[in-house]
Amino acid sequence: MDAAAIAGRFGLGARATLSDGPVARGKQGAVWRLTTADGRWAVKVPFRHEDEAALAPAAAFQEAAVASGVPAPRIRRTAEGALFAVVDGVRLRVYEWVDLGAPDPLFDPELAGAAVAAIHRVPGAEPAAPFTDPDRWYLDPVGAERWDALIAELDGAGAPFAADLAALRDELVALETWLAPPAAPRTCHRDLVADNLVPAAGGGVCVIDWENSGPADPAQELAVVLFEYARTDPGRARALVGAYEDAGGPARLTGRGDFSMLIAQLGHITELAATDWLRPNDRSPGRAEAESWIREVLDDPHSRDRLDGLLASLTRGG
């Protein structure tokens, strides 16, 4: 890609140079670093076509979040106000560069809780109309029939984790009985895992990868963060939720249905990772990447006992 052409399209300044290759890679795209006389920028190239109009609400939410004080990279638009530009045949977008630390599930739970509260307090994030069409990724079960078919296909293909998924199958199906629709939706980030709520190298936290933002229940999103950063530690759980509430976060965790986003999302991620192992692609180019992804669930599962324990640590103070 032509660094000067990218800088020109997005108004980023002179003397542009681009990193020799991607400096970061996720499941949705790869990131190059662009340096100009005006600063440094993150150039993101998605693996799949992303529609400008479809991403406009998520971009507007990120911009509103930054304006309200949420620690997140600023979006850089083209001179015409677009999110994307095509340079040398590559469709890309640009963000402010932020020096980040490594993802860390043991990151300060109070900083994580306060950051989530700031996201849930972004002005104007309530849906303008009654919430009637939730994104099924965050609500629907995978289902017993699909789990059984997937396990059979993996076993037939010799997947090294097929037996582990089979052993977890009944637990995954039981968890899906907890699923409940959002009770009080507003626009949320919807992907607040350790890869996206990360320590900033200069201190504090930074929230990245806002493309999945959309309507959800803040309590269900808070429960995702609770599991991600507390797991089985009641002290971390109370510290995270306490910081969230002290920072004005509106959600309160009261029951099993609050884990709906976690259960649905991790179920679909497990299904997707298994499918990637069977059929590698840009998201998971090799079977090793897909196995590493699915192992995140299989080796540290979100069981009913663990989730009930987290709820109990909040309600009993134990």
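**Entry 1: the hairpin.** I began with strand 3 and strand 4, which form a hairpin with two residues between them. The model is a predicted one, in which local features need pLDDT of at least 70 and side-chain atom pairs count only at pLDDT 80 or more, while totals for chains, interfaces and linings use all residues. I number residues from 1 along each chain as its sequence is written, and side-chain values use heavy atoms, with hydrogens and water left out.

**Entry 2: partners of strand 4.** I found strand 3 (residues 29-36) running antiparallel to strand 4, with eight bridges joining them. Threonine 36 has glycine 39 of strand 4 as its bridge partner. I then looked up strand 7 (residues 90-96), which pairs with strand 4 in the antiparallel sense over four bridges. There, valine 43 has valine 94 of strand 7 as its bridge partner.

**Entry 3: burial of strand 4.** I recorded strand 4 (residues 39-46) as largely enclosed by the rest of the structure, because six of its eight residues are buried (under 20% relative accessible area, 1.4 Å probe, protein chains only).

**Entry 4: cysteines.** I searched for disulfides, meaning pairs of cysteine sulfur atoms within 2.5 Å, and the count came to zero. Cysteine 188 is in no disulfide, and the nearest cysteine sulfur, that of cysteine 206, is 18 Å away. I noted this distance as too far for a bond. Cysteine 188 counts as buried because its relative accessibility is 0%. Cysteine 206, at 4% relative accessibility, also counts as buried.

How values were computed. Buried < 20%, exposed > 50% of the residue type's maximum accessible area, 1.4 Å probe, protein only. Pairing = 2+ DSSP bridges.
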